[in-house]
Each structure stands twice: as structure tokens, then as C-alpha cells.
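Have the structure open as you read.

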Amino acid sequence: MNPKIKELWTKAADLESDDSWESQTKFMERFAELIVRECAVVCDTIGKEARKEYKLKYNPWDDGRADGAWQCEETIKEHFGVE
């Protein structure tokens with residue numbers, strides 16, 4: 001298992017201690033939430049680095065979003081070891 005995913009799995013598992021369906025459901029929700037938050041951090045970091053490197057100001061209507069989205073997607077896959 002990828003070390004980052006294992007870390008998030010462990011964080012989610014620390015919150016639940018029994019094998020009941022309710023606890024398992026809470027674990028899955030927490031695990032998914034942690035992955036999504038991690039992905040958001042990766043995308044945010046890419047955006048900040050790009051704005052800094054190219055001295056760009058934040059513009060939510062920027063036409064170049066598609067390129068940034070592609071870069072973010074590829075970086076997320078790399079971050080989690082997914083091909």
C-alpha cells in the first residue's frame with residue numbers, strides 16, 4: 001500500500017475501534033474525507049507554486065484552468081501512486 005494512503009487509513013482507523021457496521025461506515029467516510037482533503041491540498045499547492053513562479057494573480061475566471069486541472073490530476077495520481 002502507498003505510504004500516504006496507509007497514513008490516511010491509520011488516521012481514519014484510529015477514530016473507530018469496533019467491527020460494527022456503524023463504525024465501519026464512519027471509518028469509510030473519514031477515510032474518504034481525508035483523501036479528498038489531501039487532494040485539495042495538492043491542488044492548492046500547485047496553484048500557489050504556479051502563481052508564484054509566473055507571478056500570476058489569482059483569477060477564478062482564468063481561461064487556463066484546463067491546463068491547471070490536468071496538471072493537478074496528474075500530480076494527485078503521482079501523489080497517491082496511482083497510474
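Two rings of Phe, Tyr or Trp count as a pair if their centres lie within 6.5 Å, and for Trp the six-membered ring is the one used. Keep in mind that the model you are viewing is a predicted one.

How many aromatic pairs does a search of the whole structure find? The search turns up three. Start with Trp9 and Phe27, whose ring centres are 4.6 Å apart. Their planes meet at 75°, so this pair is edge-to-face, because planes over 60 degrees apart fall in that class. Trp9 sits in helix α1 (residues 3-14), while Phe27 belongs to helix α2 (residues 21-53), so the contact ties together parts that are 18 residues apart in sequence.

Are these two side by side in burial, or is one buried and the other partly exposed? Trp9 is partly exposed, with 39% relative accessible area. Phe27, at 13% relative accessibility, counts as buried, because the cut-off for buried is under 20%.

Now stay with Trp9 and turn to Phe31. Trp9 and Phe31 also form an edge-to-face pair, with 5.1 Å from centre to centre and 80° between the planes. Here too the pair links distant parts of the chain, joining Trp9 in helix α1 to Phe31 in helix α2, 22 residues apart. Phe31 counts as buried, at 15% relative accessibility.

Put together, ring pairs link Trp9, Phe27 and Phe31 into a cluster.

How values were computed:
Residues numbered from 1 in each chain as written. Predicted model: local features only at pLDDT ≥ 70, side-chain atom pairs only at ≥ 80, totals over all residues. Heavy atoms only, no water. Phe/Tyr/Trp six-rings, centres within 6.5 Å; stacked < 30°, edge-to-face > 60°. Helix = DSSP H or I, 4+ residues; strand = E, 2+ residues; numbered from the N terminus. Buried < 20%, exposed > 50% of the residue type's maximum accessible area, 1.4 Å probe, protein only.
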